[in-house]
Amino acid sequence: MGAPIFYREVPLPVAFAMDHKPLIRWRLGDVSSADPPRTVLAGMQTCANCHSFSSDGRTLAMDIDFASDKGAYAIATVAPTVEIGRPEMMSWGEYQRGDGESTFGFLSTISPDGRHVVSTVKETIFLKFMSDPYCSQLFFPTRGVRVSYERSSSRFQALSGADSPDLVQTNPAFSPDGRWLLFARARAPEIPRHGSVIEPDVISAIAPGFIDGKRKICFDLFRIPFNGGKGGVPERVLGAADNGRSNFFARYSPDGRWIVFCQATSMMLNRPDSTLFIVPSEGGVARRLTCNAPGRMNSWHSFSPNGRWLVYASKATGPLTQLWLTHIDAMGQDTIPVQLEGWVDLDRAANLPEFVNLSPGALRQITVAPEIRDSTPSLPRRPN
């Protein structure tokens, strides 16, 4: 593999996990080792979720709510013990704070060189918890624009080509050289909201339509030149747009030749029919990967640094999501998958797996300052 896998282990359904956050664990596993994956972070009282690493494995970025700030975000140097305290924290809420629109920061990701972070801001999230462990939440943005944060100057900048208030622009992914930024885009649906919040009675009234398929929101994949955070003219990714389906969670292969993305009938994230497709990075004919378990939510994928392997999460064996590996050759052909057995406890599900360019022992634990770890956000809770 050439690299270990960093992932999160959670109990289901999601509503239970949100109310029992200390049970959530972040683990690091090495496929080449007989040792079980190491738990590197646990016991968080506050919400922590989406994470990413720079391509050299030297920088970790992660959503971590801090007290009343739902836009809080941690950027830390990777070492055997990663330390996250106030100096490592920034906030997406600082972007245009005076305009009266709140910001959480959604599906953020760090650039390959670690100099920038990109996120969806000024967002509104549709969230409906459900008891079915096969699909325990409806969770997708209904509006949002893309913003870049430059670490050295602490400067925020809207990304031209991905900043229209009439569209939902989310789910970023950098090309390996950092020149291009992929994202998912859809027209903002007409759903009543109060500021950035969709009221519970509105969600209850609308959710059945999304569940039975009578109401849809379909995302297309676009790319823009990153241009140091300035953005540029958006281009559709041929084969992952205008196909009557929802296309999301795109990831480049390390050589830049391929894009693997998820496709579903509607919405994004945790979709029961989510299926992995591969398409040339310049666009073309998309092809369904062999490794998919039909109708079993195949998603949250990541390429190994050498580009030969893809790890992903799937409910192929039941409602508790497991991690799987497939081999990818130079022509983008994949193999029958192999389950990473023993990597997930029997009462947990795994998600957000990411290959990290680290040597053995380079990351052994993540420590979060008690004032951050034990903080209790006072705003309405965000999807985990």
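In which strand does Leu107 lie? Leu107 belongs to strand E9, and this briefing on a predicted model returns to that residue after a view of the whole chain. The protein chain contains three helices and 26 strands, and its radius of gyration of 19 Å agrees with the value near 21 Å that a compact globule of 384 residues would have.

**Overall form**

- Taken along the principal axes, the box filled by the C-alpha atoms of the protein chain is roughly 50 × 50 × 45 Å.
- When contacts between residues at least 6 apart in sequence are considered, 56% of them join residues at least 24 apart.
- The protein chain carries 40 positive and 38 negative side chains, and the centres of these two sets lie 2 Å apart.

**Strand E1 and its two partners**

- Strand E1 (residues 5–10) is largely enclosed by the rest of the structure, because six of its six residues are buried.
- In a regular strand the side chains alternate between the two faces of the sheet.
- In E1, Ile5, Tyr7 and Glu9 point one way whereas Phe6, Arg8 and Val10 point the other way, and all of these residues are buried.
- E1 pairs with E25 in the antiparallel sense over five bridges, and within this pairing Glu9 stands opposite Ala350.
- E1 also pairs with strand E2 (residues 25–29), again in the antiparallel sense and over five bridges, with Ile5 standing opposite Gly29 in E2.
- In the loop between E1 and helix H1 (14–19) one finds Pro13, which is joined to Leu12 by a cis peptide bond with omega of about 0°.

- Strand E9 (residues 106–110) is mostly covered, with five of its five residues buried.
- E9 and strand E10 (residues 116–129) pair in the antiparallel sense over three bridges, and Phe106 stands opposite Thr120 in E10.
- The two strands, E9 and E10, form a hairpin with five residues between them, and Gly114 in the turn has a positive phi of about 80°.
- Leu107, which is in E9, has a positive phi as well, near 55°, although the residue is not a glycine.
- Why does Leu107 count as buried? Its relative accessibility is 7%, and the cut-off for burial is under 20%.

**Leu352 in strand E25**

- Leu352, placed in strand E25, is another residue other than glycine with a positive phi, here of about 55°.
- Leu352 is buried, with a relative accessible area of 10%.

- Strands of a sheet pair through backbone hydrogen bonds, either parallel or antiparallel.
- Four strands in the order E21-E22-E23-E24 form an open sheet with antiparallel pairing, and its edge strands, E21 and strand E24 (338–339), each pair on one side only.
- E21 and E22 run antiparallel and are joined by four bridges, and Ser302 has Val311 in E22 as its bridge partner.
- Pro305 occupies the loop between strand E21 (298–303) and strand E22 (309–314), where it is partly exposed with a relative accessible area of 34%.
- Although Pro305 and Gly2 are 303 residues apart along the chain, their C-alpha atoms are separated by 7.1 Å.
- Leaving aside residues up to four places away in sequence, Pro305 touches Ala3, Pro254, Phe355 and Asn357.

**Two further loop residues**

- Asp347 is located in the loop between E24 and strand E25 (349–355), and its C-alpha atom is 6.4 Å from that of Pro11, a residue 336 positions away in sequence.
- Apart from residues up to four places away in sequence, Asp347 touches Pro11 and Leu320.
- Ser153, in the loop between strand E11 (137–150) and strand E12 (155–158), counts as partly exposed at 39% relative accessibility.
- Ser153 and Arg115 are 38 residues apart in sequence, and their C-alpha atoms are 9.9 Å apart in space.

Key:
Residues numbered from 1 in each chain as written. Predicted model: local features only at pLDDT ≥ 70, side-chain atom pairs only at ≥ 80, totals over all residues. Heavy atoms only, no water. Rg over C-alpha atoms; globule rule 2.2 N^0.38 Å. Contact = heavy atoms within 4.5 Å. Lys, Arg positive; Asp, Glu negative; His and termini not counted. Charge placed at Lys NZ, Arg CZ, Asp CG, Glu CD. Buried < 20%, exposed > 50% of the residue type's maximum accessible area, 1.4 Å probe, protein only. Pairing = 2+ DSSP bridges.
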